[in-house]
Structure formats: C-alpha cells, structure tokens
Amino acid sequence: MTITIGGFDGMHIGHMKLIRKADAYLVIEKNSNLTPGFDRIYYSPTLLDILYLEKIKNLSAIEFIEILKKYNAQKIIVGDDFRFGKNRSGDIELLKKFFEVEVIHEIKINNIGIHSHYIRTLIKNGEIKKANKFLGHIYKIKGIKIKGQGLGSKELFPTINITPFKNYFLPKAGVYITKTNGYQSITFIGTRSTDKNFSIETHILEDFEDNSFFEIEFLEFLRENIYFRNLNQLKNQIAVDIIKATNFFRNY
Ligand SMILES: Cc1cc2nc3c(=O)[nH]c(=O)nc-3n(C[C@H](O)[C@H](O)[C@H](O)COP(=O)(O)O)c2cc1C
Ligand SMILES: Nc1ncnc2c1ncn2[C@@H]1O[C@H](COP(=O)(O)OP(=O)(O)OP(=O)(O)O)[C@@H](O)[C@H]1O
C-alpha cells in the first residue's frame with residue numbers, strides 16, 4: 001500500500017496532488033481549522049487514520065517509523081519539506097531506509113508555494129477568491145442555526161444566524177457573496193451595530209428549504225463591516241449589497 005502523511009488542513013491543491021497518488025492519507029492532526037477532523041473526507045474518502053500531534057510529538061523518529069510500519073505501508077509519498085519525530089529530527093533520507101519514498105516538489109501558483117498557513121492568511125485578509133484559487137475548491141464552514149435578535153425579519157432583511165460547530169477559521173469581518181446550503185446568499189460576519197454582539201448571519205436570496213444545519217461557501221468579499229447608528233441606513237446598505245450579489249450570480 002502507498003500512503004501519504006501530513007497535516008492536510010485545507011485539502012488544498014498541493015495536498016490533493018499527493019493524496020491522488022496514494023492509496024490512503026494519514027493525518028497528523030494539529031489544530032486544523034480549514035478542514036477540521038473528518039471534513040477532509042469530503043475532498044477524499046481515502047483517510048487512513050488521524051494521529052494527534054499532541055500524543056506523538058515526543059516520539060523519536062525511529063518510534064514514528066515503527067508506527068508507520070503498522071499501517072502496512074510499502075511506499076510513502078511526501079512533500080520535500082517533510083520532517084518527523086521529536087524536534088523534527090527525522091528526514092526523508094531516514095525514511096528511505098525503511099520504505100520506498102516518492103518526493104513531490106513544492107507546488108506553486110504564480111511562484112507562491114501552496115500551504116495551509118498561507119491560505120489562512122488570505123482568508124484572514126478577506127482575499128477569499130485568491131484563497132479559493134489556492135485551495136482548488138471553495139472555502140466553507142458548517143454550523144447550526146441559532147436564534148437571532150428577531151430584528152432582521154421585522155426591520156431589515158430576514159437572516160439565519162449561524163454558530164459554527166467546529167473551530168473553523170473565520171474569514172475577516174465583513175459582507176460576503178456566499179452559497180448557503182447551495183442557495184445564493186449574502187453573509188455578514190462581525191460585530192453587529194444593533195447589539196454589539198459578534199454574529200454570522202446569512203440572508204438567502206432565493207426560495208429555500210429551511211434546516212437546522214447550514215453550510216456556507218464563501219465566493220467573494222463584498223465590503224467591510226460598517227458601524228451604523230441608524231437602522232434605516234443599515235437597511236439601505238444591505239439593499240445595495242443584495243443588488244450587487246444578485247448581479248454577481250447573474251454571471252456566475
Ligand atoms: C447582507 C448583510 C449585511 C450586513 N451588514 C452589516 C453592517 O455593515 N454592519 C452591521 O452592524 N450589521 C450588518 N448586518 C447585520 C445586521 O445588523 C443584522 O442582520 C441585524 O442586526 C438583525 O439581526 P438578527 O438577524 O439577529 O435579528 C448585515 C446583515 C446582512 C444580512
Ligand atoms: N504545495 C505543496 N506541494 C507539494 N507538496 C506539499 C505542498 N504542501 C504540502 N505538501 C506536502 O503535503 C503533506 C502535508 O503537508 P502539510 O500538512 O504540512 O501542508 P502545508 O500546507 O504545507 O501546511 P502548513 O502550512 O501548516 O505547513 C506533506 O508531505 C507536505 O510536504
């Protein structure tokens with residue numbers, strides 16, 4: 001069996017290159033927040049196991065190799081920066097003494113290496129389109145519906161208030177063009193002017209089937225979060241956002 005090993009948070013273009021070449025991928029889990037836990041399966045079902053870094057970080061390189069042997073791997077595929085064992089003491093040369101090893105050179109877009117930490121920086125800066133390009137898929141978070149202030153449907157536009165059910169990495173505060181459970185939508189992330197609470201809220205632009213579980217895909221950053229003293233001004237601004245999003249989807 002051929003396996004590949006790594007953090008695989010994001011299941012980005014670089015990760016997928018390795019995963020597609022292998023029969024299975026072994027995750028070393030370290031605070032992943034782009035594709036936490038079993039979210040990875042959505043992008044590839046060949047997940048072999050999840051090893052928690054907390055539990056294995058003190059193993060020597062040789063002890064880690066003993067674990068790999070238990071998975072019955074003959075061949076291992078890794079990127080050229082792969083290190084393992086306590087203090088990252090094990091390298092590819094050592095791995096080659098025990099397994100057949102295929103090394104994949106760093107995959108880049110416009111000369112920038114594709115890495116989870118870089119993708120997080122893009123998402124944090126609201127550069128969602130670029131993040132999606134590096135991911136090779138659309139960034140999404142999942143959550144459940146919670147009760148809102150009840151103000152949206154009465155005074156503004158109706159929204160679904162969502163609380164993520166994992167520690168997803170949240171995009172920069174602001175308004176995004178999104179798809180929510182597959183429906184065209186517009187999503188606000190940030191501190192609301194109305195009650196000063198942090199919230200994630202989606203206004204769906206078409207008829208939709210209600211649910212208690214929602215998945216938000218981030219397509220494009222529309223604007224920064226604005227503090228509004230006046231509810232009418234907020235309503236006018238959201239109306240403009242909706243027009244922009246509707247136009248976006250017309251050409252999508
Ligand atoms: C598309 C959209 C854009 C929004 N933009 C802002 C904003 O710029 N500033 C802000 O304070 N709240 C913004 N909100 C959030 C509203 O304040 C929020 O929907 C309102 O407080 C109603 O909350 P409720 O759904 O809990 O009743 C936005 C909401 C939507 C749907
Ligand atoms: N851009 C890439 N091209 C080729 N291989 C990669 C690339 N990114 C990661 N890999 C390889 O994929 C495996 C998983 O890597 P890892 O989880 O460390 O990814 P990463 O995106 O570099 O993460 P981080 O940004 O946290 O360092 C490793 O074997 C790694 O060398």
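Colleague: Which residue in E3 stands opposite leucine 26?

Modeller: In general, strands of a sheet pair through backbone hydrogen bonds, either parallel or antiparallel. Here, leucine 26 has aspartate 49 of E3 across from it. Next to that pair, valine 27 has isoleucine 50 as its bridge partner in E3. The model is a predicted one: local features need pLDDT of at least 70, side-chain atom pairs count only at pLDDT 80 or more, and totals for chains, interfaces and linings use all residues. Residues are numbered from 1 along each chain as its sequence is written, while chains are lettered from A and ligands numbered from 1 in the order in which they are written.

Colleague: How many bridges do E2 and E3 pair over, and in which sense?

Modeller: E2 and E3 (residues 47–52) pair over five bridges, in the parallel sense. Strands count as paired if DSSP finds at least two bridges between them. The labels are DSSP runs numbered from the N terminus: helices are H or I with at least four residues, strands E with at least two. E2 (residues 24–29) also runs parallel to E1 (residues 2–6), with four bridges joining them.

Colleague: What unit do E1, H1 and E2 make?

Modeller: Together with helix H1 (residues 13–21), E1 and E2 make a right-handed β-α-β unit. Right-handed means that, with the strands pointing away from the viewer, the path from the first strand over the helix to the second runs clockwise.

Colleague: In what order do the strands of the open sheet come?

Modeller: Five strands with parallel pairing make up the open sheet, in the order E3-E2-E1-E4-E5. E3 and E5 (100–104) are at the edges with a single partner strand each, so one side of each has no neighbour in the sheet. Neighbouring strands are turned by 25° against each other on average, direction ignored. H1 packs on this sheet, touching E1, E2, E4 and E5, and its direction makes about 170° with that of E4. Touching rests on contacts, where C-beta atoms placed from the backbone lie within 7 Å. For angles, axes are lines fitted to C-alpha atoms, for helices over the stretch in contact, and values run from 0 to 180 degrees between N-to-C directions.

Colleague: Which residues come nearest to ligand 2?

Modeller: Of the 18 residues around ligand 2, the nearest are Gly6, Gly7, Gly14, Gly79 and His115. To be near, a residue needs its C-beta atom, placed from the backbone, within 6 Å. H1 gives this shell its largest share, three residues. At least two residues each come from H1, E4 (75–79) and H5 (116–124).

Colleague: Where are the domains?

Modeller: The domain assignment, whose bounds come from an automatic or database source, gives domain 1 (2–111) and domain 2 (138–250). Four residues from domain 1 and four residues from domain 2 take part in their contact. The C-alpha centres of the two domains lie 36 Å apart.

Colleague: What is the strand order of the closed barrel?

Modeller: Its six strands run E8-E9-E12-E11-E10-E13, with antiparallel pairing. From one strand to the next, the twist averages 45°.

Note on methods:
Two residues are in contact if their C-beta atoms, placed from the backbone, lie within 7 Å.
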